[in-house]
Amino acid sequence: MKLKTLSLIAGAIALSLTTTSFAVVAQTASPSPLLLAQTPQKSKGPWAELGLTDAQKSQIQAIRQDSRAKFEAVLTPEQKAKLQAAKQARQAQRQAGQQGQRQAGQRRGGGKNFADLNLTEAQKTQMRQIRESEKQQIQAVLTTEQRQKLEQLQQNFKQRRQQRNPQ
């Protein structure tokens with residue numbers, strides 16, 4: 001009788017521990033905007049593999065913000081409005097849960113949005129210069145090993161992209 005009671009108690013404890021961990025996982029996986037805002041963002045892409053220091057991360061973030069401001073300065077008010085509308089449409093899609101359902105031929109980064117802006121050649125040239133300047137500034141922040149690792153990751157990415165999309 002004692003053995004039966006003891007095994008029931010052990011089973012109840014095991015069950016409660018298991019359900020508690022599932023409840024915690026379900027709670028943290030909730031798409032609630034409040035929880036998402038409080039959850040630290042994981043680095044994605046090649047940056048996550050470079051082992052950047054906090055100082056490097058903040059420098060790169062500042063460089064990117066500066067470049068973003070320069071990009072916006074190149075655009076006309078109409079182009080800015082179109083870009084803002086496209087951003088809002090993407091956010092609405094994400095909130096509706098349609099993020100993973102891109103149509104065939106649609107690029108992930110919203111490259112189509114820039115095509116819709118009808119940029120002039122002068123604007124395209126300015127944007128290329130801004131992008132090149134950003135790239136050089138970021139390269140200056142990285143160590144030699146990090147630059148080599150980034151170059152290797154970029155080459156791997158190009159190879160995978162060519163394998164998926166042979167032309």
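**Entry 1: glutamine 79**

Setting aside neighbours within four places in sequence, I found glutamine 79 in contact (heavy atoms within 4.5 Å) with Leu117, Asn118, Leu119 and Gln123. I placed glutamine 79 in helix H4, residues 77-95; helices here are DSSP runs of H or I with at least four residues, strands are runs of E with at least two, and both are numbered from the N terminus.

Is glutamine 79 buried or exposed? I noted it as buried, because its relative accessibility is 6%. My cut-offs are these: buried is under 20% relative accessible area, exposed is over 50%, and partly exposed is in between, with a 1.4 Å probe and protein chains only.

I then looked up a polar contact, which is a pair of N or O atoms within 3.5 Å; within protein, one must be able to donate a hydrogen and the other to accept it, and residues adjacent in sequence count only if both atoms are side-chain atoms. The side chain of glutamine 79 makes one with the side chain of glutamine 123, at 2.7 Å.

A note on the ground rules: residues are numbered from 1 along each chain as its sequence is written, and side-chain values use heavy atoms, with hydrogens and water left out. As the model is predicted, local features need pLDDT of at least 70 and side-chain atom pairs count only at pLDDT 80 or more, while totals for chains, interfaces and linings use all residues.

**Entry 2: glutamine 123 and asparagine 118**

Glutamine 123 is buried, since its relative accessible area is 6%. Apart from neighbours within four places in sequence, glutamine 123 touches Val74, Leu75, Thr76, Gln79 and Asn118.

Asparagine 118 turned up in the contacts of glutamine 79 and again in those of glutamine 123, and I looked at it next. Where does asparagine 118 lie? I found it in the loop between helix H5 (111-115) and H6. Asparagine 118 counts as exposed, because its relative accessibility is 57%. I also noted that asparagine 118 has a positive phi of about 55 degrees although it is not a glycine. Most residues other than glycine have a negative phi.

**Entry 3: helix H3 against helix H6**

Two packed helices are described by the angle between their axes and the distance between the axes. I looked up both for helix H3 (residues 54-74) and helix H6 (residues 121-141): their axes come within 10 Å and cross at roughly 170 degrees. The axes are lines fitted to C-alpha atoms, for helices over the stretch in contact, and angles run from 0 to 180 degrees between N-to-C directions. So H3 is roughly antiparallel to H6, a term for angles over 145 degrees.

Which residues meet? On the H3 side I listed several, including Gln56, Ile60, Arg64 and Phe71; on the H6 side, Gln123, Met127, Arg131 and Glu134 are among them. The residues of this contact divide into 8 nonpolar, 6 polar and 4 charged. Nonpolar covers Ala, Val, Leu, Ile, Met, Phe, Trp, Tyr, Cys and Pro, charged covers Asp, Glu, Lys and Arg, and the others, Gly among them, are polar.

I also checked glutamine 137, which lies in helix H6. Glutamine 137 is partly exposed, because its relative accessible area is 30%. The C-alpha atoms of glutamine 137 and arginine 64 are 9.6 Å apart, although 73 residues separate them along the chain.

**Entry 4: salt bridges**

How many salt bridges are there? I counted 3, each with a side-chain nitrogen of Lys or Arg within 4 Å of a carboxyl oxygen of Asp or Glu.

- Aspartate 66 and lysine 70 pair at 3.2 Å, N to O; both lie in helix H3, 4 residues apart, about one turn of the helix.
- Glutamate 121 and lysine 124 pair at 3.7 Å, N to O; both lie in helix H6, 3 residues apart. Glutamate 121 is exposed at 52%, and lysine 124 is partly exposed at 33%.
- Glutamate 134 and arginine 131 pair at 2.5 Å, N to O. Glutamate 134 is buried at 7%, whereas arginine 131 is partly exposed at 46%.

**Entry 5: the whole chain**

Last, I stepped back. The protein has 7 helices and 0 strands. Of its 167 residues, 16% count as buried. Among contacts between residues at least 6 apart in sequence, 76% join residues at least 24 apart.

Definitions and conventions
Angles under 35 degrees count as roughly parallel, over 145 as roughly antiparallel, 65 to 115 as roughly perpendicular and the rest as oblique.
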